[in-house]
There are 2 protein chains.
Amino acid sequence: MSGRLSVIGLGPGDAAHVTPEASASIAEATDLFGYGPYLDRLTLRADQHRHVSDNREELDRSRAALVAAAGGKTVAVVSGGDPGVFAMAAAVCEAIEHGPPEWRDIELQVVPGVTAMLAVAARSGAPLGHDFCAISLSDNLKPWDVVETRLKAAAGAGFVIAVYNPISRARPWQLGKAFEALRETLPSTTPVIFGRAAFRHDEKIVIKTLGEADPAQADMATCIIVGSAETRVIERSGRAPLVYSPRQSAGGSR
Amino acid sequence: MSGRLSVIGLGPGDAAHVTPEASASIAEATDLFGYGPYLDRLTLRADQHRHVSDNREELDRSRAALVAAAGGKTVAVVSGGDPGVFAMAAAVCEAIEHGPPEWRDIELQVVPGVTAMLAVAARSGAPLGHDFCAISLSDNLKPWDVVETRLKAAAGAGFVIAVYNPISRARPWQLGKAFEALRETLPSTTPVIFGRAAFRHDEKIVIKTLGEADPAQADMATCIIVGSAETRVIERSGRAPLVYSPRQSAGGSR
């Protein structure tokens with residue numbers, strides 16, 4: 001008997017940005033799998049089972065969730081933000097591809113959510129208003145030279161860049177190297193947004209230029225948006241500035 | 001007396017993916033501005049005023065909304081998807097930058113939503129599971145050679161590509177040219193997802209290879225996701241295939 005598995009995005013972290021579909025899928029689940037801080041956001045009933053795992057055990061967590069679903073449970077795997085962006089949906093697919101054939105019979109649903117870069121963008125104006133990319137700075141799963149090549153290609157072609165997983169205790173130097181690489185391609189006046197915990201009680205949005213951007217400004221809860229050469233800052237007296245990327249573009253990086 | 005202006009994302013189009021924050025902002029508004037089909041999604045009270053405008057009048061719509069907000073109204077500007085991704089937030093910022101100084105005093109809120117590529121990704125697996133970019137094919141606001149340069153740069157560096165505004169009556173040839181440009185860089189086996197009206201009653205998700213991708217498959221309501229050379233397809237008997245981009249990457253386009 002095969003059950004169901006939903007991979008659910010909880011959005012940036014406050015209840016007001018959790019979709020009704022995500023809330024409904026959580027309410028239906030008998031078994032919920034996830035990284036502790038994401039499961040901690042949920043109010044569960046006594047008959048719902050929590051399966052907490054560590055941040056870096058995504059494939060093992062996926063397999064455990066698939067085993068439960070294959071056994072007939074109604075399973076939810078929860079992610080912050082959107083589950084398809086540097087989160088659990090790809091890990092679940094990978095586990096299915098390399099797992100037993102019966103896992104392909106499980107009814108799989110991915111429930112989208114507001115991913116971090118959209119939340120940070122909303123809190124700072126419209127920095128993603130034109131072509132943009134999203135890149136993870138983690139070199140756990142790809143060589144660092146691939147990260148640098150992608151940053152330079154994106155900046156050189158005029159994409160705004162949203163940086164996920166900028167820094168951690170185990171990866172302290174990558175963000176500094178990324179800023180160095182970007183300074184070779186973009187003007188030092190390019191706006192950089194450090195968006196920490198957008199829409200949460202401890203939100204902190206800081207706007208710098210690429211020239212003055214300091215990796216120490218970021219932590220694991222930060223999503224960074226690096227503008228293109230066309231991104232603009234509107235100063236407002238008594239209010240935070242607005243950062244936006246105009247809808248029209250002449251292209252290029254300078 | 002200055003009012004408030006919210007720029008609101010309605011998500012992919014069904015009520016289950018509208019965030020509580022978006023619903024609350026709509027309920028508070030006295031005056032709602034938007035493209036007709038987006039306003040048509042809302043159930044408004046008799047005391048709320050609809051201001052419908054055409055799809056391509058984004059700057060005029062922004063100015064009208066700012067005039068109303070500056071006059072003390074509680075204004076909502078509605079977008080499909082997320083307002084910060086090829087939608088109204090950048091147009092509102094642009095109008096503020098070039099408008100009268102008092103528009104900078106208006107309390108501006110951007111309410112994020114589930115943008116089209118996240119909805120299409122959710123309905124097809126996890127194609128955005130690794131580094132990706134979003135690009136508009138519209139050459140109304142940038143020269144076509146910029147579009148082509150960006151497509152080639154992104155594909156060459158190994159980004160998955162989400163294509164917004166792929167085709168319209170006024171822009172019939174751009175998508176074919178985009179596929180041609182991508183075929184110079186990516187293997188013909190690269191998965192391409194045509195995601196039309198994701199999560200709506202008339203949803204249609206079609207998976208092709210880049211070699212067989214036909215622009216006639218797309219219309220104005222379609223968001224297209226072009227995989228990287230590493231994107232994979234999992235066949236499932238009796239179920240739609242899953243497309244995903246693995247979390248690990250060796251980089252490059254072949």
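Which domains does the domain assignment of chain A give? The assignment gives domain 1 (4–114) and domain 2 (117–244); such bounds come from an automatic or database domain assignment. The model is predicted: local features need pLDDT of at least 70, side-chain atom pairs count only at pLDDT 80 or more, and totals for chains, interfaces and linings use all residues. Residues are numbered from 1 along each chain as its sequence is written, and chains are lettered from A and ligands numbered from 1 in the order in which they are written.

The centres of domain 1 and domain 2 of chain A, taken over C-alpha atoms, are separated by 28 Å. Seven residues of domain 1 of chain A contact ten residues of domain 2 of chain A. Contact requires C-beta atoms, placed from the backbone, to lie within 7 Å. The domain 1 side of chain A comprises four nonpolar residues, two polar and one charged. Here Ala, Val, Leu, Ile, Met, Phe, Trp, Tyr, Cys and Pro count as nonpolar, Asp, Glu, Lys and Arg as charged, and the others, Gly among them, as polar.

Between the chains, 59 residues of chain A and 59 residues of chain B take part in the contact. On the chain B side, helix α4 (residues 88–98) provides the largest share, seven residues. Helices (H or I, at least four residues) and strands (E, at least two) are DSSP runs, numbered from the N terminus. The chain B side holds 33 nonpolar, 15 polar and eleven charged residues. Strand β7 (residues 132–136) of chain A pairs with strand β7 (residues 132–136) of chain B, antiparallel, over three bridges. Pairing requires at least two DSSP bridges. A:Cys133 has B:Cys133 as its bridge partner.

Helix α5 (residues 116–124) of chain A is mostly covered, with nine of its nine residues buried. A residue is buried if 20 or more other C-beta atoms, placed from the backbone, lie within 10 Å of its own C-beta. Among the buried residues of α5(A) are A:Met117, A:Leu118 and A:Arg123. Just after α5(A), A:Gly125 has a positive phi of about 130°.

In α6(A), A:Val147, A:Arg150, A:Leu151, A:Ala153, A:Ala154 and A:Ala155 are buried. They pack against β7, β8 (160–164) and α7 (174–183) of chain A, and against β7 and α6 (144–156) of chain B. A:Gly158 follows α6(A), with a positive phi near 95°.

In α7(A), the buried residues are A:Gln174, A:Leu175, A:Ala178, A:Phe179 and A:Leu182. Their cover includes α6, β8 and β11 (222–226) of chain A.

How values were computed: Two residues are in contact if their C-beta atoms, placed from the backbone, lie within 7 Å. A residue is buried if 20 or more other C-beta atoms lie within 10 Å of its own, exposed if 12 or fewer, and partly exposed in between; C-beta atoms are placed from the backbone.
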